[in-house]
Amino acid sequence: MHRLIKTDSSNRDFADLVNHLDAELAIRDGAEHSFYHQFNKIRGINHVILLYAENEAVACGAIKDFDQNSAEIKRMYTMPELRGKGLAVLVLLALEQWAAELGFKKCILETGKKQPEAIALYQKCGYSAIPNYGQYAGVENSVCFEKQLG
């Protein structure tokens, strides 16, 4: 049985999952990890979704205000042994719904070219590639996406 909860970045289970995420990204991103890591701090994130299976947090994601109309999807992660079971889709849909409830018109996100599973997830869920935004403009390894809500 899966259970989704809304929380914030002070949640210990979220911090634990993000530690797993950062360890994986350090391997995937290699020398570029420090560049990305500076933009992925979790302090002060007010909108976090955690997915629990058997009372264990196994997947997460968050949204942050980007601008008046856009929520930015951050810190998406699913424990490796549970990937491919649709859990990330559940988290992503919950984040999109929450963003819409908060009045956002679209979700945007950045992921890395070295994360083909993430790219496939976002494309499967209706996200379209956009020019790299903000700090990711001109960054070769970054891919940015957006999805209109509602």
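This is a predicted model: local features need pLDDT of at least 70, side-chain atom pairs count only at pLDDT 80 or more; totals for chains, interfaces and linings use all residues.
**Cysteines**

The model contains zero disulfides. Cys 60 takes part in no disulfide, and the nearest cysteine sulfur, which belongs to Cys 125, is 16 Å away. Cys 107 is likewise in no disulfide; here the nearest cysteine sulfur, again that of Cys 125, is 11 Å away. Cys 60 is buried, with a relative accessibility of 1%. Cys 107 is also buried, its relative accessible area being 0%.

**Residues with positive phi**

Most residues other than glycine have a negative phi. Asn 55 is not a glycine, yet its phi is positive, at about 65°. Arg 75, also a residue other than glycine, has a positive phi near 55°. Asn 55 lies in the loop between strand 2 (47-53) and strand 3 (56-65), and it is exposed, with a relative accessible area of 67%. Arg 75, by contrast, is located in strand 4 (residues 70-78) and counts as buried at 5% relative accessibility.

The accessibility values of the residues discussed are collected below.

| Residue | Relative accessible area | Class |
|---|---|---|
| Cys 60 | 1% | buried |
| Cys 107 | 0% | buried |
| Asn 55 | 67% | exposed |
| Arg 75 | 5% | buried |

Definitions and conventions: Residues are numbered from 1 along each chain as its sequence is written. Side-chain values use heavy atoms; hydrogens and water are left out. A disulfide is a pair of cysteine sulfur atoms within 2.5 Å. Buried means under 20% relative accessible area, exposed over 50%, partly exposed in between (1.4 Å probe, protein chains only). Helices (H or I, at least four residues) and strands (E, at least two) are DSSP runs, numbered from the N terminus.
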